[in-house]
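Welcome! Take a moment to look over the chain and its fold, and then we will walk through a few features together.

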Amino acid sequence: MRPEILTKAILPVVMAGIIGLYGIIVSVVMSGSFVAESYPLFLGSMHLGGGLACGLSSLAAGFAIGVVGEAGVRGFAQQPRLFIGMILILIFAEVLGLYGTIAAIMLNMRGTTNGVCKVVEA
């Protein structure tokens, strides 16, 4: 409807793309704790739980950003004063994925500091 607001209207797409980085961060953090000789069940469970926490929270955040982004951009095209409110709601939706990432990193730290992934040489 209004091509002059294109740069502001593309913000929800950028914020949705940032959510993908959370999964990459979690996978890099978790890959540092893999041991070639053994992979205990406890550590595998921690990695599964962390991956699910990050993935499901990012899925919810992506869905929320999509819904808010669509309605927000349509409203912003009609009334420019809605931009700040749209940004605030998008930030709150983005934080959902960040919470899952923090939980996944904490689970990974719990699994690696418990002493189960240290290789004991006989």
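Helices here are DSSP runs (H or I, at least four residues), numbered from the N terminus. This is a predicted model, where local features need pLDDT of at least 70, side-chain atom pairs count only at pLDDT 80 or more, and totals for chains, interfaces and linings use all residues. Residues are numbered from 1 along each chain as its sequence is written, and side-chain values use heavy atoms, leaving out hydrogens and water.

Which residues of α2 are buried? They are P12, M15, I19, Y22, V26 and M30, where buried means under 20% relative accessible area, exposed over 50%, and partly exposed in between (1.4 Å probe, protein chains only). Seen down the axis of α2, these buried residues fall within an arc of 80 degrees, so they line one face of the helix; the arc is taken from the directions from the helix axis to the C-beta atoms. The face turned away from the buried side of α2 carries the exposed residues V13 and V28.

## A salt bridge

The structure holds 1 salt bridge, meaning a side-chain nitrogen of Lys or Arg within 4 Å of a carboxyl oxygen of Asp or Glu. R74 pairs with E70, and their closest N and O atoms are 3.6 Å apart. The two are 4 residues apart in helix α3 (residues 41–78), which means about one helical turn separates them.

| Residue | Relative accessible area | Class |
|---|---|---|
| R74 | 57% | exposed |
| E70 | 48% | partly exposed |
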